[in-house]
Amino acid sequence: MCKVAVKKEDLQKYHGKDHWFPLQPVCADSEVQGKVHLELRLSEVITDSGGVCHKLATRVLECQDLPIVNNQCDPYAAVSLLGPSRSEAKKTKVKRKNNNPQFDEVFFFEVTKPLSYTKLVISLAVLIWGVFVSQPVSASAAHILGEVCREKQEAAVPLVRLFLHYGKIVPFLSAIAHAEISRTQDPNTIFRGNSLTSKCIDETMKLAGMHYLRVTLKPIIDEICTDHKPCEIDPVKLKESENLDTNRVSLNVIRDDDDDDDDGVCVSAVDPDVRYTAVSSFIFLRFFAPAILSPNLFHLRPHHPDPYTSRTLTLVSKTIQTLGSLAKSKSANFKESYMAAFYDYFNEQKYADAVKNFLDLISSSARWDQKSIETPIMLKEGFMIKRAQGRNRFGLKNFKKRWFRLTNHEFTYHKTKGEGALCSIPIENILAVERLEEESFKMKNMFQVIQPERALYIQANNCVEARDWIDILTKVSQCNRKRLSTYHPSAFLNGHWLCCKLSADTAPGCTPCTGGLPANIQLDVDGDRETERIYSLYSTYMAKLVKMQEACGSKSVYDGPEQEEYSTFVIDDPQETYKTLSLVISAVQTLEQQHMQYKRDKFRKTKYGSQEHPIGDQSFQCYIRQQSESSTYSI
């Protein structure tokens, strides 16, 4: 019917992510309709013989809107790994009479790699990673990388992913944030500049907050992109058929929806005098605003919006930013008079109080009490199927469709939307939220909300919806003091747990809990790949590393006016920074020597026309020219 093709060099773009791919024609004459939801994961394992194998895991989750031909649609998915010397294909089960099939099957493919590659990566990790944890942080290799890179974003991306991989992201961010605060003279400019700290927090928010954006902003952005309601409030740009007051009402409705959907993410507050502006500058200016203006870059929309919709998103973004700034004179913040006039419609204290309430909510420590916020905040709701909890010893434990509702106070379900709650679970009583294995009830997309007395078993509509519920329930309950460390992945049926076969219904769990982080921050980061990226940056900016080392020597020896050529570097401790630079430069030079030796050995052993480099391989011909030039230069 149709296909999705991903080139080998593009695999790293999708590593550890699930993504909707548009379906492409198999041939020029075929008609294509629909999309497929895939998750790709590329990892390395060491084989029994000591070699290294690249293992590609392809998870086919589901398809949507497949074409119905002759009143029939019995789809299956075929996954193929194609290469010069191999062709391997695997297939899913057939889903009868379903143009929105859910497969949720995983296929593995192996690609061998030489052992020497592993040796290089291991030495790279040992030599580079060891100098990242030096103190003070302003003399660390991470700080140095940010100083020598042309763009701070270059350094921030691999650093954040590497520290996330090693479980050290929070201490790292805290350390560089404290260092920047100590250097800041004006508290109103904290984290507002183009610093390594701001870029690292931006990148962390983007990784950790993706689910949060899907829950809060995506429904609103989808509605804006679908409805195309006129929201222009600039009289100069107003069309003849549009009414200014009507457009203001439409824009105000969108803004109200955006305010109502906010729930918490973890961000540390700073100096009490500027705690609101410091946090809001990130949340509103660097998190919400870019996601609203360019939803495609945050995976909230498949494509960049059309100009008409982009204008609406721009107006919403301007309003949200001003709400979050908490400035005393809001009208003065707008360059455009029409925005100042629009803001007067909701320039009331209740909105400022709501923003402060939201900032308090997201900036609180782990011991914060959810109910300290008096007004319940609705986080998520929708229909799902639940299994009766069996409060009575006898009676049917059947499955029923119920309307579920989650706030920051409680998790409830109702017979239908708008009716009173049939059951209410206080947030503090949620001990864990985990997936439930399919074998329990022969049903997919199930998860369990574990309470002190029993577990509530729930089936979501699809795998994406199940993951969203698990993530947000986990997040809202992750600060509970009595959270479990282990759980039972299967149900208790017929007098025993299906997973561990224990007969006591109070038996402790047999499997470690997943850790309390949303699935999209539990990234399967390839630490070796990120370390290589850091090495490449050091190698690229070697000249600046040497110049920074000279600057340390100059600053340490001569206690006088700083030379202009060294003024671009931020050096708090010249002696410690000099020591770290020496280690970094030595490590990079050592690795470069190993790389050159590896290339020379490979050049001698590889035959043109072999299976590894067949005739016509342009990349190998280019490689030959490079080696010839390198050999001539060495001689």
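## Basis

Residues are numbered from 1 along each chain as its sequence is written, and side-chain values use heavy atoms, with hydrogens and water left out. As the model is predicted, local features need pLDDT of at least 70 and side-chain atom pairs count only at pLDDT 80 or more, while totals for chains, interfaces and linings use all residues.

## Overall make-up

The protein has 17 helices and 17 strands. Helices (H or I, at least four residues) and strands (E, at least two) are DSSP runs, numbered from the N terminus. Of the 635 residues, 44% are buried (buried means under 20% relative accessible area, exposed over 50%, partly exposed in between, with a 1.4 Å probe and protein chains only).

Contact means heavy atoms within 4.5 Å. Among contacts with a separation of 6 or more, 61% are between residues 24 or more positions apart.

## The seven-stranded sheet

Seven strands form an open sheet in the order E10-E9-E8-E7-E13-E12-E11, with antiparallel pairing. Two strands pair if DSSP finds at least two bridges between them. E10 and E11 are the edge strands, each pairing on one side only. From one strand to the next, the twist averages 35°.

Strand E9 (residues 410-414) and strand E10 (residues 421-426) run antiparallel and are joined by five bridges. Phe-411 has Ile-425 in E10 as its bridge partner. The two strands E9 and E10 form a hairpin with six residues between them, and Gly-418 in the turn has a positive phi of about 95°. Five bridges also join E12 to strand E13 (residues 455-459), again antiparallel; Phe-447 stands opposite Ile-458 in E13. Helix H13 (residues 463-477) lies across strand E7 (378-387), strand E8 (399-407), E9, E11 and E12, and runs at about 120° to E7.

Two packed helices are described by the angle between their axes and the distance between the axes. Axes are lines fitted to C-alpha atoms, for helices over the stretch in contact, and angles run from 0 to 180 degrees between N-to-C directions. Angles under 35 degrees count as roughly parallel, over 145 as roughly antiparallel, 65 to 115 as roughly perpendicular and the rest as oblique. A crossing is left-handed if the near helix is turned anticlockwise from the far one by less than a right angle, and right-handed if clockwise.

Helix H2 (residues 141-148) and H3 cross at roughly 150°, their axes coming within 7 Å, and are therefore roughly antiparallel. The crossing is right-handed. Ala-142, Leu-145, Gly-146 and Glu-147 of H2 make the contact with Lys-152, Ala-155 and Leu-159 of H3. These residues divide into four nonpolar, one polar and two charged (Ala, Val, Leu, Ile, Met, Phe, Trp, Tyr, Cys and Pro count as nonpolar, Asp, Glu, Lys and Arg as charged, and the others, Gly among them, as polar).

Helix H3 (residues 152-165) also packs against helix H5 (residues 196-208), at an angle of about 55° with the axes 8 Å apart; H3 and H5 are therefore oblique to each other. Their crossing is right-handed. Residues of H3 including Ala-156, Val-160 and Leu-164 meet residues of H5 including Leu-196, Cys-200 and Leu-207. The H3 and H5 contact holds nine nonpolar, two polar and four charged residues.

## Positive phi outside glycine

Lys-442 is not a glycine, yet its phi is near 55°. Lys-442 lies in the loop between strand E11 (432-435) and strand E12 (446-450) and is exposed, with a relative accessible area of 68%.

Asn-494, also not a glycine, has a positive phi of about 55°. The loop between strand E15 (492-493) and strand E16 (496-497) holds Asn-494, which is exposed at a relative accessible area of 76%.
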